[in-house]
Amino acid sequence: CLFFSSKTKLKKYFWKKSIVKFIYEIFIILGYLFAQPFRVFSSKTNLFFEGRKNSFKILREEINPTDKNIWFHVASLGEFEIAKPLIESLKSKIGDLKIIVTFFSPSGLENSKDYKFADSMVYLPIDLSVNAKKFIKIVNPKVAVFIKNDIWSNYIYYLKQNNSIIYSISSKFNESQFYFKFYGIWFLEKLRNINYFYVQDFDSKNILENYSLKNISISGDSRFSSVIKTLEENKSIKNIEKFIDNKKCLIAGSVWEKDIDLINKVVMENNIKSIIAPHDISSSFIKKLESLYGNNVIKFSCLNSKDDFNKKILIIDSIGSLKYIYKYGYVSYIGGGMSNNGLHNILEPAVFSCPVIIGKNYKGFSEAKDLIELGGVYSVKNSDEFSKVFSELDDTELRIRSGKINFNYILKSVEKNSIILNSLSKNL
């Protein structure tokens with residue numbers, strides 16, 4: 001009786017798991033199908049689908065499953081910045097290592113094609129069982145690394161089947177996430193297959209331990225190492241130096257439309273230079289900025305004549321140079337915090353000992369929370385508050401003190417990242 005009772009319970013358990021898996025895959029397929037019409041209106045959405053068509057073909061051509069392969073998965077460009085220091089350190093330490101990087105978003109891969117440390121970079125095929133099984137067979141990764149919380153359940157399952165060692169790095173967890181709801185048990189089980197968690201904070205560590213997950217360490221965020229590398233490169237941009245001409249300069253990085261509304265009063269009314277780097281460098285948004293600022297503005301790509309360098313506002317209309325431009329900032333503003341787009345990288349200006357102003361929405365960004373409490377970063381809710389803080393930072397002593405707080409915070413955080421690198425090296 002006990003045998004048949006246990007067998008019945010086991011059947012029910014696996015039946016429930018199968019139903020959840022089936023529903024999960026149906027939702028993915030429906031999402032894939034419903035998104036198709038948007039390809040007509042959005043080049044980014046179209047690229048999301050087109051880019052995935054050749055992923056398996058590229059992998060077969062570039063990757064040998066018998067090699068020592070490590071797979072990094074990132075959602076987009078920001079997560080790739082977290083992966084880069086680890087990739088480059090591993091590549092220098094382990095000569096025969098082959099590195100595969102997959103991206104979820106087009107903005108990640110399309111802006112990273114010249115990256116020389118990866119042996120193959122492709123879009124991640126959508127998380128269906130057939131795709132995940134096929135991908136793991138082709139790549140056969142000895143180690144797989146998921147950056148932040150872009151963790152895909154079918155891929156985790158087949159990695160475990162493949163005896164790959166799985167890492168979750170720079171991840172952040174809280175009770176509101178679906179893993180920890182009654183309907184998320186299937187997904188929580190997939191998390192249990194991850195061998196090592198390197199999380200950003202104590203709260204994440206505590207919640208994972210409360211759900212009996214193991215091998216959890218607090219390691220911070222490898223973006224700290226990445227920005228230190230930018231600092232050490234000390235790259236100069238002559239046209240930026242010529243434009244600023246030793247004047248006070250506000251650097252507004254990764255800004256959206258609501259961020260422009262916030263900073264506009266200071267940009268227009270103060271006798272300073274301003275460099276604005278939109279997150280969206282599409283022609284339509286650039287044209288809006290040109291229309292807003294009129295004769296006061298020039299695009300970075302158009303800097304040429306003496307009159308161009310005498311303009312008050314410079315728009316950065318290309319990708320890749322912003323992290324080097326922050327070194328010229330008197331004060332920096334980082335976008336994303338005035339809407340739900342997500343706060344962008346405050347560490348890039350902070351490493352140059354620059355005070356940083358952000359918008360009101362920074363929940364989930366532990367470095368922002370820490371640095372606001374320490375006094376290196378300032379959060380504002382509206383344009384009046386922005387003007388007030390910007391004016392206060394005209395005080396040399398306050399500005400220098402805030403900048404030092406930011407730089408020292410990064411230095412202390414870099415020390416934690418060696419933990420991850422040592423663990424990865426050991427398992428490779």
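Thr230 counts as buried, because its relative accessibility is 7%; buried means under 20% relative accessible area, exposed means over 50%, and partly exposed lies in between (1.4 Å probe, protein chains only). Thr230 lies in helix 10, residues 223-233. Helices here are DSSP runs of H or I with at least four residues, strands are runs of E with at least two, and both are numbered from the N terminus. Leave aside the neighbours within four places in sequence, and Thr230 is in contact with Lys323, Tyr324 and Phe352, where contact means heavy atoms within 4.5 Å.

A quick word on what you're looking at: this is a predicted model, in which local features need pLDDT of at least 70 and side-chain atom pairs count only at pLDDT 80 or more, while totals for chains, interfaces and linings use all residues. Residues are numbered from 1 along each chain as its sequence is written, and side-chain values use heavy atoms, with hydrogens and water left out.

Back to helix 10. Its axis and that of helix 4 (residues 77-93) come within 8 Å and cross at roughly 75°. Axes are lines fitted to C-alpha atoms, for helices over the stretch in contact, and the angles run from 0 to 180 degrees between N-to-C directions. Angles under 35 degrees count as roughly parallel, over 145 as roughly antiparallel, 65 to 115 as roughly perpendicular, and the rest as oblique. Helix 4 and helix 10 are therefore roughly perpendicular to each other. Where they meet, helix 4 brings Gly78, Glu81, Ile82, Pro85 and Glu88, and helix 10 brings Arg223, Ser225, Ser226 and Lys229.

Glu81 has another partner too: it forms a salt bridge with Lys84, with the closest N and O atoms 3.0 Å apart. A salt bridge is a side-chain nitrogen of Lys or Arg within 4 Å of a carboxyl oxygen of Asp or Glu. Why are Glu81 and Lys84 separated by about one helical turn? Because they are three residues apart in helix 4. An α-helix has 3.6 residues a turn, so residues three or four places apart point the same way. Both Glu81 and Lys84 are buried.

How many salt bridges does a search of the whole structure find? The count is 19. One of them pairs Lys68 with Asp96, whose closest N and O atoms are 3.6 Å apart. This pair links distant parts of the chain, 28 residues apart: Lys68 is in strand 1 (residues 68-74), and Asp96 is in the loop between helix 4 and strand 2 (97-103). Lys68 is partly exposed at 27% relative accessible area, and Asp96 is partly exposed at 47%.

In helix 9 (residues 202-210), Glu209 and Lys205 sit four residues apart, about one turn of the helix. Their side chains meet in a salt bridge of 2.7 Å, N to O. Glu209 is partly exposed at 38% relative accessibility, and Lys205 is partly exposed at 21%. Elsewhere, salt bridges that share partners join Arg39, Glu50 and Lys53 into one network.

Now for the backbone. Ser170 is not a glycine, yet it has a positive phi of about 60°. Ser170 is found in strand 5 (residues 165-171) and is buried, with a relative accessible area of 0%. Ser353 also has a positive phi, near 55°. Ser353 is in the loop between helix 16 (347-350) and strand 13 (356-358), and at 33% relative accessibility Ser353 is partly exposed. Asn140, which follows helix 6, has a positive phi near 45°. In helix 6 itself (residues 129-139), Ser129, Asn131, Ala132, Phe135, Ile136, Ile138 and Val139 are buried.

Setting aside neighbours within four places in sequence, Lys360 is in contact with Gly337, Met338, Ser379, Val380 and Lys381.

Ile29 is partly exposed at 35% relative accessibility, and it belongs to a nonpolar surface patch whose members include Phe22, Leu30 and Phe34, with about 960 Å² of accessible area for the whole patch together. Patches are made of residues with over 30% relative accessible area and no salt bridge: like charges are joined within 9 Å, and nonpolar side chains (Val, Leu, Ile, Met, Phe, Trp, Tyr) within 5 Å. Accessible areas come from the Shrake-Rupley method with a 1.4 Å probe, and for residues only the protein chains shown count as cover.
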